Amino acid sequence: MSERTSRLSGFATLSREKRLEILSDWIDEGDGATGALDRLDALPDDLVDRMIENAIGVMPVPLGLATNMIVDGEDVLIPMATEESSVIAAVCNTARRCRSTGGFRTSYAGSLTIAQIQLLDVADPHRARLEILRRVDEIRAFCDDIDPVLVELGGGFQDVDVRLLNGRKGTVMVVHLIVDTRDAMGANAVNTMAERLAPVLADWVGGRSLLRILSNLADRRIVRAEAVWPADEIGGLEVVETMLEAADFAVIDPYRAATHNKGIMNGVSAVVLATGNDTRAIEAGAHAFAAQSGQYGPLTRWEKTANGDLAGSIEVPLSLGIVGGATRIHPVAQLALKIMGADSAEKLSRMVAAVGLAQNFGALRALATDGIQKGHMALHAQNIAITAGAAGDEIARIAEAMKASGDINERTATRLLRELRG
């Protein structure tokens, strides 16, 4: 590839074989580099059996590439695993529209993960809180001894926080172990620390420990992304205004905010899944973060710049890793990280946040102009054709005929298929 650019015009119209050729050039490892994608059932039986219990097979999810992305000045291709039509197309279109302003700029708060220890039946919780805080150096030594490799990598125990909450039987002490898990998501590391430390803390304060597990509200792993879209690129000043009004709807109404954020997570979760990370943890953390003010709200904010362009930003907790779990053993997840050039949890997190913002722009623009269904259903037309019984070349012909008629539904597909077959 003569120029390393994510601006791959016409990529969507190429055959899958040609796309894989381009991808092999991108990661610069020859024709065999994309071998994990050559078969659509890329997981061997023995690996499936080791990943989950009672395995009976695999449930393949389509894997595509978000093109046109510039993140922190670097052209990147971003794999996304999703079954939903229009998700990847929206990111590609959105990213193309902000390339002239430099694409997406991001910031990363760090890789601090929280483990919680619940302590009950403490007679004097305020004194006990101070006792735990006073012995922070002992806690540090205890935790770091559990995972010395993490410490060697520059991570390990960082701090402790103690919260006093009102429970059903009185005050509940909640101890937060704050641990830098570096390039790992960190669940196993912090859960082990919490489980081993819990009885020690209970002995110190004269109580009993109950739950000992990480929190998925990863508010010390916040990632931010922002971008500017020129008004001329998105349809003019009127479109900027209508998009701002649409975004404000999510600020004032949690019913709208839930759907607004779901659209963001369409993009976020697709990259998280493609890289073998925990989609459920990321979803839970994002929605909890969106409700911290006391009213559920949007993860993004939208504004008009001084010269009338549209500026968007996102803040989202992302507890992601590039080592451990499925990320380490799944061949497609490893390939996805290689394609992205994600050699650290930080770099992966920055790209995921950028995709989330891009996805939200695409949804807002569609909603504020033509409506979400026009583009979505046009891309969904082939699925409808297949559902109606079309096969082979019939699929594209029926899909195109439906789009031309403006009636994209199974009844129309069935009628057109019947007419095609005579």
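This is a predicted model: local features need pLDDT of at least 70, side-chain atom pairs count only at pLDDT 80 or more; totals for chains, interfaces and linings use all residues.

Residues are numbered from 1 along each chain as its sequence is written, and side-chain values use heavy atoms, with hydrogens and water left out.

Searching the whole structure gives 4 aromatic pairs, where rings of Phe, Tyr and Trp (its six-membered ring) pair if their centres lie within 6.5 Å, and planes under 30 degrees apart count as stacked, over 60 as edge-to-face and the rest as tilted. The pair of Trp 229 and Trp 302 is tilted, because the ring centres are 5.5 Å apart and the planes stand at 45°. Trp 229 belongs to strand 8 (residues 222-229) and Trp 302 to strand 9 (residues 300-304), so that distant parts of the chain, 73 residues apart, are linked. Helices (H or I, at least four residues) and strands (E, at least two) are DSSP runs, numbered from the N terminus.

Trp 229 also pairs with Phe 361 in a stacked arrangement, 4.4 Å centre to centre with 10° between the planes. Since Phe 361 lies in helix 14 (residues 345-368) and Trp 229 in strand 8, this pair ties together parts that are 132 residues apart in sequence. Trp 229 counts as buried at 0% relative accessibility, as do Phe 361 at 1% and Trp 302 at 11%, where buried means under 20% relative accessible area, exposed over 50% and partly exposed in between (1.4 Å probe, protein chains only). One aromatic cluster is formed by Phe 104, Trp 229, Trp 302 and Phe 361.

Turning to the charges, Arg 4 lies over the face of Trp 26, at 3.8 Å from the ring centre; a charge sits over a ring if NZ of Lys or CZ of Arg is within 6 Å of the ring centre and within 35 degrees of the ring normal.
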